[in-house]
Amino acid sequence: MGGKVTCTLGEVKQRADFIVYWGGNPAECHPRHFTKYTIMQKSKFLPRGRKDRTMVLVDIRETKSAKAADIFLQVKPGKDFELITILRALIKDQHVGDEQIAETGMTRAGLDDLVHRMKSCKFGVFFFGMGLSMTRGKHMNSAALLTLAAEMNAFTKFVAMPMRGHGNVTGADVIMRWQTGYPFGITFNRGYPRYNPGEFSTVDVLVRGDCDAAFIIGADPGATMPQPAIDHLARIPTICLDPHVTHTSRLARVHITTAAQGISAPGTAYRMDELPLPLKPALKSPYPSDEEVVRRINEAIAKKPFWLPDGSQPQVVTAIG
Amino acid sequence: MLKITGGKVYDPANEINGQIKDLCIDDNGRFVESVSGGRTIDATGMIIFPGGVDVHTHVAGGAMNFARAMTPEDHRRTQAFIRTQSRRSGLGGMAPTTFATGYLYAGMGFTTVNEAAVPVLSARHTHEELADIPIVDKATLTLMANNEIMLDQMQAGEYERAKNVVAWYLWAAKSYGVKAVNPGGVAAWKWGSDAKQLNDPIAGYSSLTPGKIVTMLATICDDLQLPHPMHLHCNNLGAPGNISTTLDTLKHLEGHRAHIAHSQYHAYGGDDWDTMCSATSQLAEYFNTHPNITTDAGAVLFGDTVTITADGPWQHLLYKLTGRKWGNLDVENETGCGIVPYTYRPSNLVNAVQWASGLELMLLIKSPWQVFLSTDHPNGGCFWRYPEIIQLLMCADFRKECIAKLPDKIKNRITLPEIDREYTLYEVATSMSAGPARALGLHQKGNLGIGCDADLVIYEEEIDIARMFSHPRYVIKAGEIVIEDGDIRETPHGREFLVKPSYAPETDEFMRPLFEDCYTMQFDNYPVEIERIENPDVRILPGS
Ligand SMILES: [Zn+2]
């Protein structure tokens, strides 16, 4: 990650008078976003709620979210990066040609108006969704938008926040970071964490057939991953922890039914702004929680001889490549 | 049981200065008069210190984890801990991973650390990270000086209410004390502004000033009888000429206890970056005449690091000055934080002044019971570089060699060249252990007396001071040998210290509607459950 200027969702609820959704469809994908955190909320700083806030939607197509927006900007597919770059120039009063603007599907008047609004708001926020981060040049796009938000702070308060998918993806990301320094795409095959998405990501490891066992928790790769990865999962001993029967559980050698997090098992979920929320189960489950299963497996493994003979490895390595 | 014989003991809490003394430890991990049986360590010719206590560091929580995400290139080039049967893997560097943090601190003889900046909203996360930091005992401080619910009570002149609110938050966060960062300035930052003058009302408030917040919050900490006084990061951090702000802040603290965090960043003269100079003699003079106030150095070491602070506006300025990555995270109602990677260079005049200022404060403040070893990790440098600072404090000649490498223009901007003082081992033990333990109100720490926690470090005496302090022969935590000859032997779980202050029972119902107005989580889910704390050591405060 490069830089990132962000805040918790409560700050948006309290202060954001200018809200841009870029490449997302919150009305359908995050239906409570408007009412809980953004445009519909009244606050001590924005007592009239919706009337005190401006919402802009930038997307390649007119989704349901466009109806909720004050301004809808239809960007040409694949031109997000160009549009962000133009905005970065315009806020600094740098020259941008008409042709470059037209290529993105925008008009100069539209962009001048947008820039004026961005600069004159008190607290602006970009929410960027899959449409921005998962398309061509995805990494560049989100990095560019994060930079635009950072640069806007020369004029007014501005932040940016990714709209994460469902499940506790953020939680896994947060914990991997504090234990290994990296969010995902990590290998421990030299005894310490190394990071290389594209090489060590689960899907790459499976497709190459690099692993000889798999332990799946809180995910259903059997439903979402490319066929070669699924084939490899079926070939090797795959252990799956899941409250339900899933594509993965069907192809797994072992499926341990566990209690559903948040419904019948306690735990912590991390919200998209990385705030931890405790999950308090309403129901009891006859099944153990994921945590209990993992703990018991760990205890059993600890009784076995260690995989590396003592003294066969240095304790610490420095200047690693 | 363990007996350590023949070592030269430096135990400032008991005024023991290098005498040969045997130490006995029972099975509860405490010092006792005598033991029979168990292992004996022959420490003849070795030096014994109480385990180090870090009064101000940043090792866990949302901001640190944000910094880890921003510095993958550093993880790659740093030292890696390889997994063994008793030890988890991890990475060192500027923003070490949790397991590595415990190994690195213990490996340097430190056994207690105080995580100095926790927003209540993410306290649950911080405690979970702390549970993954092995060996050392821990405490946390809660960020309070920009909490809008509290500020509103202060603005309204409702002192009792404000006090109840603070006590309520401390218990909700399962915290050990109060941290104040740039009082009013972070709240103002939420509108993109800052608070630089102690007596100007802060953005969004009609009459509440940083000065009033400082005085009221210090009073609250005293009235709640917190074991550690208000821990204050003053307004106007890092700015040329900010000595006037700092001295003005100290005036607002007259008659109170307080700990001033990382004073190095608050002791500058000059009018701008071109004229910036050290003003540490003025600040040291204040400390020398006010024994009720303690501080930590916040010393700077040349090299790469990443800066992390709740001081959002300062980080925005640093981003503009460096043009490097900038991370910022504002936390609803409570606080903010900023993250900027940074390199301190001897050739940079501002950095050179900062480097000298940290050392000057440690040398000009006469009592090591008042000024403690810190780099405000990772802001001024990484904690695992503390031995380099000890060397600079103990060897005036080495200091002179380092000063000689600074740019010529540094002359007349710093006073370090005129200081000949050298720390004794007794003073080092005070500044890195006994002093911070006392300031934290952790009386069983930094003390080798009977009944205290058997946390200690044994060094082989060496000419090379930095080497000696970075490679202890033994480190013992709660009576257990955790480091021996440079190897990590055991990785026990530490404890977490927290306080239960008293507050009026109706505070819950007072807080609920205010909370629901500005937060985005359930009121009942907000307080951290005590069950989530690994090995809590709760101090019930008077009145509750
Ligand atoms: Zn700090």
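Predicted model: local features only at pLDDT ≥ 70, side-chain atom pairs only at ≥ 80, totals over all residues.
Visitor: Why is B:Asn236 called buried?

Guide: The relative accessible area of B:Asn236 is 11%. A residue counts as buried when this value is under 20%, so B:Asn236 is buried.

Visitor: What makes the backbone of B:Asn236 worth noting?

Guide: B:Asn236 has a positive phi of about 70°, although it is not a glycine. Most residues other than glycine have a negative phi.

Visitor: What is the phi of B:Gln225, and where is B:Gln225 found?

Guide: B:Gln225 also is not a glycine, and its phi is positive, at about 55°. It is found in the loop between H8 and strand S12 (231-233) of chain B.

Visitor: Is B:Gln225 buried, partly exposed or exposed, and how do you know?

Guide: The relative accessible area of B:Gln225 is 47%. Buried requires a value under 20% and exposed a value over 50%; B:Gln225 falls in between, and therefore it is partly exposed.

Visitor: Which kind of peptide bond joins B:His377 and B:Pro378, and where does B:Pro378 lie?

Guide: The bond between B:His377 and B:Pro378 is cis, with omega at about -5°. Most peptide bonds are trans. B:Pro378 lies in the loop between strand S20 (371-372) and helix H13 (386-394) of chain B.

Visitor: How do you know which residues coordinate the zinc ion?

Guide: The donor atoms belong to B:His56 (NE2), B:His58 (NE2) and B:Asp376 (OD), at 2.0 to 2.1 Å. A donor must be an N, O or S atom within 2.8 Å of the zinc ion, so these three residues qualify. Water is not among the atoms, so a site may look incomplete. In sequence, the donor residues are spaced H-x1-H-x317-D.

Visitor: Are B:His56 and B:His58 buried or exposed?

Guide: B:His56 has a relative accessible area of 0%, and B:His58 has one of 7%. Both values are under 20%, and therefore both residues are buried.

Visitor: Why is helix H5 of chain B described as largely enclosed?

Guide: Helix H5 covers residues 148-155 of chain B, and six of its eight residues are buried, so the rest of the structure largely encloses it. The buried residues are B:Glu148, B:Ile149, B:Met150, B:Leu151, B:Gln153 and B:Met154.

Visitor: Which elements do the buried residues of H5(B) pack against?

Guide: They pack against helix H1 (9-15) of chain A, and against helices H6 (159-173), H7 (185-189), H8 (210-223) and H17 (507-518) of chain B.

Visitor: What makes B:Asn147 a cap of H5(B)?

Guide: A side-chain oxygen of B:Asn147 lies 3.0 Å from the backbone nitrogen of B:Ile149, at the N-terminal end of H5(B). Just after H5(B), B:Gly157 takes a positive phi of about 75°.

Visitor: Which residues have the most contacts inside the largest nonpolar core?

Guide: That core has 188 residues, and those with the most contacts inside it are B:Phe49, B:Leu217, B:Trp355 and B:Phe469. A second, separate core of 34 residues includes A:Met118, A:Cys121, A:Phe126 and A:Leu132.

Visitor: Which residues does B:Phe469 touch?

Guide: Leaving aside residues up to four places away in sequence, those touched by B:Phe469 include B:Phe49, B:Met108, B:Pro387, B:Leu425 and B:Tyr459.

Visitor: Where does A:Thr63 lie, and how do you know whether A:Thr63 is buried or exposed?

Guide: A:Thr63 lies in the loop between strand S3 (54-59) and helix H4 (65-68) of chain A. Its relative accessibility is 12%, which is under 20%, so A:Thr63 counts as buried.

Visitor: What joins the side chains of A:Thr63 and A:Asn25?

Guide: A polar contact of 3.5 Å joins them. The limit is within 3.5 Å, and therefore the pair is counted.

Visitor: How many of the residues in chain A are buried?

Guide: Buried residues make up 50% of the 321 residues in chain A. The secondary structure of chain A comes to 15 helices and 14 strands.

Visitor: Which residues are closest to the centre of the second largest pocket, and what is its volume?

Guide: The volume is about 1100 Å³. Of the 32 lining residues, the closest to the centre are A:Arg32, A:Lys36, A:Tyr37, A:Arg271 and A:Leu277. The largest share of the lining, three residues, comes from S13(A).

Methods:
Residues numbered from 1 in each chain as written. Chains lettered and ligands numbered in written order. Heavy atoms only, no water. Helix = DSSP H or I, 4+ residues; strand = E, 2+ residues; numbered from the N terminus. Buried < 20%, exposed > 50% of the residue type's maximum accessible area, 1.4 Å probe, protein only. Polar contact = N/O pair within 3.5 Å; in protein donor to acceptor, adjacent residues only side chain to side chain. Core = buried A, V, L, I, M, F, W, Y, C linked by side-chain atoms within 4.5 Å. Contact = heavy atoms within 4.5 Å. Donors = N, O, S within 2.8 Å, 3.2 Å for Na, K, Ca; no water. 1 Å grid on protein atoms, 1.4 Å probe; cavity = no way out; pocket = protein on both sides within 12 Å on 5 of 7 lines; lining within 4 Å. Points joined across faces, edges and corners; volume = space filled by probe spheres on them.
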